[in-house]
Amino acid sequence: MTSTSSQTRPFNAADLGTLVVMAWSGEAPDGDMPYLLAYTLGDAAAGPEASTAAVEALLENNGLPVGGDLVDGNARPSLPVSLLVESGTAVVNMPGFNAQCTPPPEWLEAVAERGFAYFVFTTRPWPEAQPGKPVEPEALAAFAGADETLNAAAHVVLPARSLRG
């Protein structure tokens with residue numbers, strides 16, 4: 001028998017460092033899939049290890065298992081993570097984390113068609129991919145598709161909401 005702990009892990013927001021969210025779409029058998037990737041640059045004053053531990057605590061405290069099963073936000077309306085897509089912007093909100101990005105048009109089309117995005121929030125730092133600097137598609141594919149990234153992440157099907165009812 002397994003039990004779920006309702007105890008929250010100690011969490012220091014300063015240890016997160018800089019958090020980044022980026023959006024892209026990729027080919028899937030049934031059409032384009034909209035992806036969101038959240039990660040830390042690992043630039044906290046206490047170092048990348050502190051950033052990794054802080055992201056892990058943030059995720060676990062919000063019911064998102066790191067390296068665990070896919071969380072289906074459609075089946076869990078009480079999930080404290082949300083995605084708002086409005087006026088060409090994607091906004092991810094959860095207690096302790098709010099971020100927005102401007103996705104490419106093909107991502108917006110894919111999320112409008114599917115009604116959700118596949119959200120990967122990894123504890124693995126990616127200091128090379130800084131806000132405002134372009135990321136080559138090959139570098140994104142190498143980082144986002146690496147076992148070290150995926151196994152150190154929470155995976156969520158995140159329903160897309162808009163301000164229009």
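**Exercise 1.** In what order do the elements of the protein chain run from the N terminus on?

*Solution.* From the N terminus on, the order is β-β-α-β-β-β-β-α-β-α-α-β. That gives four helices and eight strands. Helices (H or I, at least four residues) and strands (E, at least two) are DSSP runs, numbered from the N terminus.

Before going on, a word on the model. It is predicted: local features need pLDDT of at least 70, side-chain atom pairs count only at pLDDT 80 or more, and totals for chains, interfaces and linings use all residues. Residues are numbered from 1 along each chain as its sequence is written, and side-chain values use heavy atoms, leaving out hydrogens and water.

**Exercise 2.** Find the strands that pair with S4.

*Solution.* Begin with S5 (residues 89-94): S4 (residues 82-86) pairs with S5 in the antiparallel sense over five bridges. Two strands pair if DSSP finds at least two bridges between them. Within this pair, Ser82 stands opposite Asn93. Then turn to S8 (residues 153-161), which runs parallel to S4 and is joined to S4 by two bridges. Here Leu83 has Ala160 as its bridge partner.

**Exercise 3.** What percentage of the 165 residues of the protein chain count as buried?

*Solution.* Apply the cut-off: buried means under 20% relative accessible area (1.4 Å probe, protein chains only). By this rule, 42% of the 165 residues are buried.

Key. Buried < 20%, exposed > 50% of the residue type's maximum accessible area, 1.4 Å probe, protein only.
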